[in-house]
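Colleague: Please pick one part of this one and take me through it slowly. I'd like the packing in particular.

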Amino acid sequence: MNAVTRSDRNSGIAGLLRNIKSHWYLFILGLVVFLSLAYAYTSFATKEYMIESTMLLQDQQPPVGTSAMNNFASEIGMFSLTDGKSNIKNEEVILKSRFLMKQVVQDLDLNVIVFSGYGFGSHEIFREAPFQAGIRNIAVDSLYQRTYRVEITGNNTWRLSSEEEELTKDVRFGSAVKLPQYELLLERKKDVPLVPGTVYSLEIISDEDAVGRLASSYNVQFSDKSVTTVDMSLIYPHPEKGEVILQHIMDKYLENNIKEKVRMADSMLVFINNRLNVVAGELSEVEEKLEDYRSSNRITDISEQSRVLIDNASNYYNKLQEAQTQLSIINQLEGYLGEPDNKSVIPSSLSIQNASFAASLAQYNSLLLEREKKSLSYTDANPVIRNLDQQIQGVRSNLLQNITSYKKELQLSTRELGSENAAFNSKIQQVPGKERVFLDYARQQNLKQQLYMYLLQRWEEAAIAKNSNMPGSRIIDNAKSTSWPVKPPSGSFISWHLSWA
């Protein structure tokens, strides 16, 4: 039985070899055809290059990322909006966001693509083009893709033609051509010579299509789980233009970070300016009254005991005012948090001294900022956004519970400080009439001066920090293209065999 099976197998192999030998020319022909097709594909297919770069990401801490400003943010209640752990994943989402992609498309006019030649065999060019092309005065809501033929006809003229729109026009460089969807403008480059008879083509697409193309060939991923550096890559048919695009993505990201920090710093400066104006007016009013009282009653100085009394009274009065202000803020926050539709970050006018409550409020603000950033890439119906909304609602409920207990603490503290303040006021009442009035004015003046100097110092720190602002993240490796195309796959092996054939 085994002998029969072995014999059948040998006869089958022999038959196969006889068939191959008798039809050898078909196998050779098929090999030549497939190698020729592969060679043609690698020779004529659009070559695409890999452009790569590296960035170091850091969590963006408002308002401007400096210790002085962060300390002041904590003091006036615009405390750190994160829980202390860098949420770098948010920055990765921003780097991939369509919002950032659209800014790059519009800055670089990526919806207008210039090709050398027209039709089959044309390839994209960048700085080699002797003109800069752009569109303006768009007359439609959504652009339809169009391809135009451009022929250089003279030193300052060119001919525009389109089969789709059935037009042929002779145009001068610098003059706009009115088309059904927009106006097309070609401006001549002085550093690239014009060659009459040379043909180019223009492909014009909508911003959204350009964003889609860019996003599909662009990728961001962390270099390693233990670091916060990201590797960015872009596949593009023109290596130099690809480098410019990827570099501009990084530059635009850093520019947006600075703008956001400056916006936060501006908000803080506006707040301080408003308080300075109010305190300056109150201080001026108190000083005028004190000066008038000194003059009318011929008071030149008071005793050291009276000075100590003024300082102590001012100290307790200041603490009482701070506690009352805290209570007022808590009441406002309670009303604000009671409305679920409010989804703005909550700044306060003074520091929140209750550690538990401040931590919960910081977590609430952090979640709001994270939702705002991710909403650039996701819709409200996305599970990521829904999950964040659930977290925000949970923290909101905890805050409302904390407010109740914190209010009780503040009310108790206010009663105690009120008793101490009343005791000092009683002592002041025992001072002889004129000196008692003078002490009251002097105490108000002292309090307003301290507050004014404090705000003035913080304003200077905020202004310095804003003007010296630098982005937290930075570029480690600039955009650089590979020397050889990554698409289509290399045809060197095929080319080598064909050359020897």
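**A helix and the core around it**

Modeller: Helices are DSSP runs of H or I, at least four residues, and strands are runs of E, at least two, numbered from the N terminus. Bear in mind that this is a predicted model, where local features need pLDDT of at least 70, side-chain atom pairs count only at pLDDT 80 or more, and totals for chains, interfaces and linings use all residues. Residues are numbered from 1 along each chain as its sequence is written, and side-chain values use heavy atoms, leaving out hydrogens and water.

Within α5, the buried residues are Leu100, Met101, Gln103, Val104 and Val105; buried is under 20% relative accessible area, exposed over 50%, partly exposed in between (1.4 Å probe, protein chains only).

Now the largest nonpolar core: 28 residues, with Met55, Leu95, Tyr218, Met232 and Ile249 making the most contacts inside it. Such a core is a set of buried Ala, Val, Leu, Ile, Met, Phe, Trp, Tyr and Cys residues joined through side-chain atoms within 4.5 Å. At least two residues each come from β1, α4, α5, α6, β11, β12 and α7, and α7 gives the most, six.

Look at Tyr218: leaving aside residues up to four places away in sequence, Tyr218 touches Leu95, Lys96, Met101, Met232, Ser233, Leu234, Leu246 and Ile249 (contact: heavy atoms within 4.5 Å). β11 pairs with β12 in the antiparallel sense over five bridges; pairing takes at least two DSSP bridges. Six residues form the hairpin link from β11 to β12, and Phe222 sits opposite Val230 of β12.
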